[in-house]
Amino acid sequence: MKRRKFVKKATLGSLASLLGAEIVFGNFLPEGYGLLGLQDPDPFKMFNKDSQMVLLNDKPWNMEAQAHLLNDDVTPNKFMFIRNNGKIPEGIDVANWSLTFDGESVKQEKTYSLNELKSKFKRHTYQLTLECGGNGRSEFDPPAKGNQWTIGAVSCAKWTGVRLRDVLADVGLKDDAVYIGYHAEDTHLSGDPTKEPISRGVPIAKAMQDETLIAFQMNGEDIPLAHGYPLRLIAGGYPASASGKWLSGISVRNKVHDGTKMTGTAYRVPCKPVAPGEKVLDEDMCIIESMPVKSLITYPKTGAVLTKGKSLNIRGHAWAGELEVSTVEYSVDFGSTWQNCTLQSPTNRLAWQHFSASINFPEEGYYEIWARATDSKGKAQPMLLPGWNPKGYLNNACHRIAIKVS
Amino acid sequence: MDNSEKVREIAKKLYRLMLSIFILFGIIAAMLIYLMADPTLSAFKSDDSVEGYVTVPEKNQIDPSNQDFDKIENGVHVRTGFVEGEGLMLVVNNCTNCHSAKLVTQNRMSKERWLATIRWMQETQNLWDLGNNEETIVSYLAEHYAPVQKGRRQNLANIEWYELEK
């Protein structure tokens, strides 16, 4: 009797689901990921990254672009850097994904499903520059510990979502709110479920800006897994670590958020300038807010050999954290003389700006093209490394490419 | 009459049951054969659905029973990229459980700062007490991954020259 029931169930019910399950599973398998998981995972295939991207770390995943890969006006996924602090969440269940608002400064705790967020609030799309606070770390002397980013931990994609401000208004805030901190579904490298790999945030004024989004799309599609699928915070112009991925919670705080990597020396620089290598006490370190002015020459790729007498058209992008870029100049004589580039206005606030110039080289030889951007408050990129800091953040020294004219 | 009807009924049921079982096993067998031929189920995947939303392995997995597991080639421990030296295996066994070896090998620190990094990991990242091995580990790191003076700006290096067509 029992056996008969089992067989009947097996034939009628499980048959379809068995087949169905196998096919669905096959659909979701990342390309190049074997069934037994014993093959070496190829992060370039797994995350749809271009093979010229540079892998810095495979646990957690960290990958950066090269300057010439960032030539697109809008950065596509294949050229977007990955900076992870923990393990990517497994078995993401979009149907049951939710975002909970809590903390000292909410009038009451409130939870939204992903669908509610998408349908209840007006959608906005902005192109937003995200740069890792440690971009350029590899150049500091004495060296700073951490992933040794060169220049490629920056991107400017189109993000679609709802304004954090609109959702906060719906939640209802108390007057004493000063900071928001995010919570996410990535897991700690040590496997400790009580530890958050990262839980950073922004001052309430930044949270209230038009461009600060709870995003669910990147470049018109679902956010790729490595970049926070299905939901993330986007706070352009701030260190990208403020834009939490795999977002599941936001705490509205009545004090500066004290989550993982908000305290101590993480994403902080000395409040006052220090000599290279100097010891700095934790209480003398200040949280990084706006990123500094910076630019990248994205065409041509460094190493170009030109024929004498031909002009070279360079192009690239410049950005200035919370500010706008007012000028970009170039030099081919190691900074002795500077010429203006043509500079476009940003598509929207906090988007990078494109620059171009046509260069004629006076004679044969080895040249370096240097680019220098100046922000709307008159601050320009330094040609040498900026002020040393213990964790190697905020290197905005001018970008250089090598050229030969023969 | 009742009996023969019943027998016929039972026979019919039995026939259907056997047929179902036969079909079920047939399908399972077909699927298994297909899996042998195409273990990644590539035929069911469309070209653009390559984003993996299921499980993302964080680390290369190599079978520890493989004899090449701890192979050293040209002075480098192949599996991790660590250079050969006294304390190598202690470093491999203690410093690659949570994070990648790449996080170590891309960094350069003095003995004092390597030790400070270990203390930080013990205080905040659940690193265990290294006991008597600590001195060997720190010495290995300080010797093989020591800082190099870079000055305020280095020359552009590793340039791959190419003709720019235009």
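**Close-up views of chain A**

View 1. 30 residues of domain 1 of chain A are in contact (C-beta atoms, placed from the backbone, within 7 Å) with 28 residues of domain 2 of chain A. Strand S6 (123–131) and strand S14 (268–270) of chain A each supply at least two residues of the domain 1 side. S6(A) gives the most, four residues. By class, this side has 14 nonpolar, twelve polar and four charged residues. Ala, Val, Leu, Ile, Met, Phe, Trp, Tyr, Cys and Pro count as nonpolar, Asp, Glu, Lys and Arg as charged, the others, Gly among them, as polar. Domain 1 spans 61–287 and domain 2 spans 294–405; the bounds come from an automatic or database domain assignment.

The model is predicted: local features need pLDDT of at least 70, side-chain atom pairs 80 or more, while totals for chains, interfaces and linings use all residues. Residues are numbered from 1 along each chain as its sequence is written, with chains lettered from A and ligands numbered from 1 in the order written.

View 2. The order is S1-S2-S3 (chain A), with antiparallel pairing (at least two DSSP bridges between two strands). S1 (54–58) and S3 of chain A stand at the edges with a single partner strand each, so one side of each lacks a neighbour in the sheet. Four bridges join S1(A) to S2(A). Asp58(A) has Trp61(A) in S2(A) as its bridge partner. Strands are DSSP runs of E, at least two residues, numbered from the N terminus.

View 3. Phe81(A) lies in the loop between S2 (61–64) and S3 (82–83) of chain A. Phe81(A) is buried (20 or more other C-beta atoms within 10 Å of its own, placed from the backbone), because 27 lie within that distance. Leaving aside residues up to four places away in sequence, Phe81(A) touches residues including Met63(A), Cys132(A) and Val154(A).

Methods: Buried ≥ 20, exposed ≤ 12 C-beta atoms within 10 Å, placed from the backbone. Contact = placed C-beta atoms within 7 Å.
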